[in-house]
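Welcome! The notes below will guide you through it.

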Amino acid sequence: MFVINCPYCGERDQQEFKAGGEAHIERPKQPTELSDDEWAEYLFMRKNIKGVQYERWNHAHGCRKWFNMIRDTSNDEIKAIYKMGEKPPSI
Amino acid sequence: MSENLRVKSSQYIDETTRVSFKFNGTTYYGFKGDTLASALLANNVHLVGRSFKYHRPRGIMTSGSEEPNAIVQINPNTNRTEPNVRATEVEIYEGMEASSQNCWPSVNFDIGGINNFLSPLLPAGFYYKTFMWPASFWEKYEYFIRHSAGLGKSPTLKDPDIYDHRNIHCDVLVVGAGISGILAAKNAAKNNYKTLLLDEKNELGGSTIYENNESNKIDNKISSEWLKKEIEELKNIKNLEMKTRTSVAAYHQYNYLLARENLTDHLEKKDKINKIRQRLLKIRAKKVILATGALERPMVFNNNDRPGIMLSSAIKKYSDFYGVACGRKIIFFTNNDSAYESAISLNDKGIKVEAVVDIRKQSETNLEKRVIDAGIKIYWEHTVVDTSGYKRLNNVSIMKLSNDGTSVTGNKISISCDCLGVAGGWTPAVHLYTQSGSKLAFDEDKKIFIPNKNNSDQISVGSCCGDFKLDEILKNLNEKLKDFLDINKTDFENITVKNDEEISKRNIWLLPSDKALGKTKPFVDYQNDATAKDIKLALREGFRSIEHVKRYTTTGMGTDQGKLGNMHALGIIADTAGVKMGELGTTTFRPPYTPLTFGTIVGRNVGKFFDIFRRTPMNDWHVEQKAEFENVGQWKRAWYYPIDGETMHQAVQRESKAARESSGILDASTLGKIDIQGSDASEFLNRVYTNAWSKLGIGKCRYGLMLNEDGMVYDDGVTTRLGENHYLMTTTTGGAANVLGKLEDYLQTEWPELDVYLTSVTDQFATASLCGPNSKKILKKIIPDLDLSDENFPHMSFKEAKIGSIVCRIMRISFTGEQSFEINVQASYGKALWEKCIEAGKEFNITPYGTETMHLLRAEKGFIIVGQDTDGTMTPIDLQMDWIVSKKKYDFIGKRSLNRSDTMREDRKQLVGLLTDDPKVVLEEGAQIVSELKKNPVEMLGHVTSSYFSPNLNKSIALAVVRGGKDMMGKKLFIPMEDKTINVTVSNPVFFDQTNERLNA
């Protein structure tokens, strides 16, 4: 179980958090302009990398804020945590 | 009756307190401080169990948690019984009973022993190969196979004990309180680290604490004496918490460890009552020091499993710690120096050691000299080729090893004995280390896996990292601690250590015999009866991966997880396949290190705390009325209110008739309620619901349907506009938390520019839903000043009013098709409100109804329940709810998906009504629907989602999803059941009051 450093609350146990899948997939501003394939790309396609992955996490049993995390899925090392809307730090 | 093999009083055993216990029905005596194993050995009982597959007699092998054979059932047939307990760990107490497992009728005469003679017919994979066909027979085979196998019996009575969980945060956790662990903990705590020291044994000090070897000295004291002083000092150190009888079960990432603290298992029955039996410690440590020690290896030779064959180190511990001789004529068989230390120690206590058989070449050392001086014969370059004695070892045969160690030569020498101590070298206990995600390396010289790449802030010290000699251990410990704890010096920096030099080891994984391998039984995994032959067979049959060989032969798959035999299995595979052990890798070390009870895992979450429930403010009233309850999400909801022994069907028929004919009342407090405020609240609702919200007037209500981005229906509910920038959204009972989560997600991540605030107010309001033609009259009685005319308070609108001084929010909305008023009050007034409604409604025969009647009433109206009539694959179009999907809005969640080619297919499953040809037949929910009966295989068109007998229509009605159902109005379909086929006709899903006249009546 990880220790996650919530950008709003500080270090907490993983059991207070909920994982929310791959980060930096923006909802298209004009969905109706997209082809079925382009919409399907947004809707269904997610990376599942062994290695460094950018993820969304939510402090569900805490401040309920969403934030981003960079995690190495091969050893679960958390490399960085940053707020929603911020650019990912270089790692 | 029994013999006494106590040799010398031991300071660790309280010989003034005699303890009586029963084993397999016979009463024995031991002393306070004895384990079951040491007490049995003191009574010269070696035979304690039978092996799993061949039912061979087995004895006590070890002195610790790695024991593969001596596993027993404690207190059989009582409410405190526990199976698969290691006799080497459990401490005896007055009145304890234990019995052997896996034998019938008794350990002395076991019918299953026939398997031993059939063993040539039972190679690895026997069960897989034999019972594969015919496949349908497996169920019959399985009964007999399961019956003849099996270890202990799981308890059937309620567990009387209390279990607990505790969270611990510390700076430094030290696992294992041998000499390394004690010095590490002491130095950490002295340097202001908050330190926790754990050990699975009941005494601190590991194996050093009973060390009596004159050659191993620290500061000119025997190492055990020196260590005792160190332990004494621990008591005065602040910052240090110590726990014995505490086994670390798991080491997870981020230094999160689980340990089981055993508090009452060693106490007499009367002292166990009302105390916590075991506690699960959930430890989060900043730094972890693993000092888990090493396990001695046995050796793999023919018939190496007889009762009386034990680890050399175990024999030493039984004599030095417990004062028990494991036999009267003992032989040691070794490939390293450990057995010599054991032999000398035993000899000092007057226990007869017949000989030492050593596979190494002769060398002259201090140790060898002392053994010879004691009159013990050493057979250099010899190996044991066979043993005899069915229930107790009585003889070993030895022969000279060839130079390459693969065969034997010369004459067979036979030596009589009653105990054989084997010393195959030491294996570092790296179980916890690898569980943490850290990686091992193989030391080809020492033939051991050692810690290599750490995955968190941790170090391994002492023999668990491959240091075996005292001087080496303490020197490396000193350096490692200084670095790890960031300190300049330790308090044992300047000690002087003296110990024997070691003769080089010789490692032979599978020792040869004068017989062909096929005629021998060299056991690798004692508990699962896997032999070296089985492993070689697996390799011949093409298995290569160590993980596959393990599963095929079941090596290492017992309750001991192969703590003794796994290294030999690896070695034999490597030798046979001609690869290096380091390249082979290991099987995965999985938690728990030793078995945990279920009680420890669940802790306090038993009985009414197993799964907690939410109850509405009106709950007490429902209970008083003897309502039946149904679980909805975490809620306990009133299901129906039976009167005078009514069945559910009778109660629901009565309740639903009353609701339509006069008045009914439902506790709707469980519906999810989300308060939405902010200047962009209307825009937000436009984006999350399929219909338009901007033009909804203040004080008006609207039904909304929420989709997922994939276009599938996610939730529904009525939202009321309370003010210009203020809405109250209701959600389904089960979906409340997820809907709030989803809305927050969109607000925070996709639309942070919107000025919207969400607050869950589900628990803050209690809701009574008054329904039926007389509901208006009842409400009028409660709130006389409120104008309830259709002009002032029409359907789908909201009023705030007061009952006395209590403010209430009233929505005129309907889920039943009748005139209804949902009255919301602050939760604490919920029961008062409810009782007031019941009182006022008496003259109108007001009838409380539960969720079942609610479901029936809404089904009559064709209203869907999300999650019952939908399953995550239904779009609003599939539900024939096109009217709620805005064509004008540019975007809302899921809109784009409604135009995907797949969601636009005409032959999707669509919601329809079904009427049975025989109006009395009620369909089963979930029943499959077909259009023809003769075809094979027949095409399933869909299934029944909701089905009831409607008392108001006096016929059976059902909702169903049917492929292409929209265009099937009036079509005849079939529902084949086990005993009959039911004919149905597709109909409009709205069965009752299709023009909604009753809402305004």
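What percentage of the contacts in chain B with a separation of 6 or more is accounted for by residues 24 or more positions apart? The share is 67%. Please keep in mind that this model is predicted. The points below start with chain B as a whole and then turn to a sheet in chain A.

**Chain B as a whole**
- Along its principal axes, the C-alpha atoms of chain B fill a box of roughly 115 × 70 × 55 Å.
- If you count the elements of chain B, you will find 24 helices and 50 strands.
- Chain B has 1001 residues, and 59% of them are buried.

**A sheet in chain A**
- Look for an open sheet of four strands in chain A, arranged as β3-β4-β5-β6 with antiparallel pairing.
- Its edge strands, β3 (18-22) and β6 (77-83) of chain A, each pair on one side only.
- From one strand to the next, the twist averages 30 degrees.
- In chain A, β4 (residues 52-58) and β5 (residues 66-72) are joined by seven bridges in the antiparallel sense.
- Within this part of the sheet, E55(A) stands opposite M69(A) of β5(A).

**Where chain B meets the sheet**
- Helix α21 (residues 736-750) of chain B packs on the sheet and touches β4 and β5 of chain A.
- The direction of helix α21 of chain B makes about 80 degrees with that of β5(A).

Key:
Residues numbered from 1 in each chain as written. Chains lettered and ligands numbered in written order. Predicted model: local features only at pLDDT ≥ 70, side-chain atom pairs only at ≥ 80, totals over all residues. Heavy atoms only, no water. Helix = DSSP H or I, 4+ residues; strand = E, 2+ residues; numbered from the N terminus. Buried < 20%, exposed > 50% of the residue type's maximum accessible area, 1.4 Å probe, protein only. Contact = heavy atoms within 4.5 Å. Pairing = 2+ DSSP bridges. Axes fitted to C-alpha atoms, helices over the stretch in contact; angles between N-to-C directions.
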